[in-house]
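Please take a look at the model below. A short report on its local geometry comes after it.

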Amino acid sequence: MLSMFMFFIGSVIGSFLNVCIYRLPQNESVVTPPSHCLQCNTLLTVRDLIPIMSYLLLGGKCRYCGKPYSPRYAVVELLTGLLFFWCFLCFGAGLELVIALMFTSFLVIIAFIDYDHQLILDKVLVWFAGAGVVAKLYTGYPLIGDMLLAAVTGGGVLLFLALITRGGMGDGDIKLVAALGLWLGLEPTMLTLFLAFVLGGLSSVLLLLFKLKTRKDFIPFAPFIAIAGFISALYGVEIIQWYFQFLP
Ligand SMILES: [Zn+2]
């Protein structure tokens with residue numbers, strides 16, 4: 001029951017994340033003006049804004065002007081609902097869950113903006129890093145040293161790659177991994193980098209193989225960092241323990 005409620009909360013938050021994803025790159029406020037149809041500018045009411053359901057009930061068309069709108073909004077709502085549900089299954093109710101949900105929400109915003117614009121906004125990263133520090137201080141972690149080490153090492157690895165590949169890695173990616181380090185600590189941050197490279201590499205090969213992208217196309221890396229960061233936040237400890245049992 002509570003898990004279904006988490007899904008619902010996630011889809012409502014996802015609706016707000018849509019606004020952030022759409023407006024932040026345009027330097028618009030995420031509060032005003034209220035949600036409106038991008039075609040006819042009619043202000044949307046509560047019944048137009050029920051996550052996922054409104055899109056399905058309206059058949060993907062604006063109630064007022066009848067023009068279709070992107071299914072992306074419903075996709076982000078559904079995705080955020082599922083991720084919140086997943087976090088709840090993993091952490092149960094409590095402070096750890098709240099922190100995981102905040103972390104996840106930031107990752108959704110960052111991943112989709114990078115996917116849309118090949119851009120990781122500094123203002124989002126500042127909030128992301130700041131929230132990470134506050135979250136860790138609040139949980140009384142004596143691990144601030146570990147967090148800082150994770151930020152410097154994680155960012156450092158990508159900076160090194162950026163230097164030797166000359167632009168293969170954007171400075172947004174470097175800053176993103178540094179900020180993520182503040183949330184996760186050293187080992188899960190290294191795991192995030194490893195998983196991001198595996199996922200990114202595999203996806204690039206598949207995209208080239210099926211000719212969905214060419215070698216000249218830019219493939220945004222933040223979505224892979226986000227997926228890898230999410231997995232590391234939920235299962236990092238287990239994965240790292242599993243890995244270390246193979247070492248002598
Ligand atoms: Zn309209």
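The report covers a metal site, a helix pair and some backbone features.

## Basis

This is a predicted model, in which local features need pLDDT of at least 70, side-chain atom pairs count only at pLDDT 80 or more, and totals for chains, interfaces and linings use all residues. Residues are numbered from 1 along each chain as its sequence is written, and side-chain values use heavy atoms, with hydrogens and water left out.

## Zinc site

Cys37, Cys40, Cys62 and Cys65 coordinate the zinc ion through their SG atoms, at 2.2 to 2.3 Å. Donors here are N, O and S atoms within 2.8 Å of the metal (3.2 Å for Na, K and Ca); water is not among the atoms, so sites may look incomplete. The donor angles run from 104 to 119°, so the arrangement is tetrahedral (four donors, all angles between 85 and 135 degrees). The donor spacing in sequence is C-x2-C-x21-C-x2-C. Cys40 sits in the loop between helix H1 (2-23) and helix H2 (53-57), and Cys65 in the loop between H2 and helix H3 (72-91), so this pair ties together parts that are 25 residues apart in sequence. Helices are DSSP runs of H or I with at least four residues, numbered from the N terminus.

Cys62 is buried, at 8% relative accessibility. Cys40 is partly exposed at 28%, and Cys65 is partly exposed at 29%. Buried means under 20% relative accessible area, exposed over 50%, and partly exposed in between (1.4 Å probe, protein chains only).

## Helix packing

Helix H5 (residues 122-138) packs against helix H7 (residues 171-184) at an angle of about 15°, and their axes are 7 Å apart. Axes are lines fitted to C-alpha atoms, for helices over the stretch in contact; angles run from 0 to 180 degrees between N-to-C directions. H5 and H7 are therefore roughly parallel (angles under 35 degrees). H5 passes H7 in a left-handed crossing: the near helix is turned anticlockwise from the far one by less than a right angle.

The Thr32 to Pro33 peptide bond is cis, with omega near -10°. Pro33 is placed in the loop between H1 and H2.

Asn41 is also in the loop between H1 and H2. Its phi is positive, about 70°, although Asn41 is not a glycine. Asn41 is exposed, at 53% relative accessibility.

Ile52 belongs to the loop between H1 and H2. Ile52 is not a glycine, yet has a positive phi of about 65°. Its relative accessible area is 16%, so Ile52 counts as buried.

Definitions and conventions:
Four donors count as tetrahedral if all angles lie between 85 and 135 degrees; four count as square planar and six as octahedral if opposite donors are over 155 degrees apart and all others between 65 and 115; anything else is irregular. Helices (H or I, at least four residues) and strands (E, at least two) are DSSP runs, numbered from the N terminus. Angles under 35 degrees count as roughly parallel, over 145 as roughly antiparallel, 65 to 115 as roughly perpendicular and the rest as oblique.
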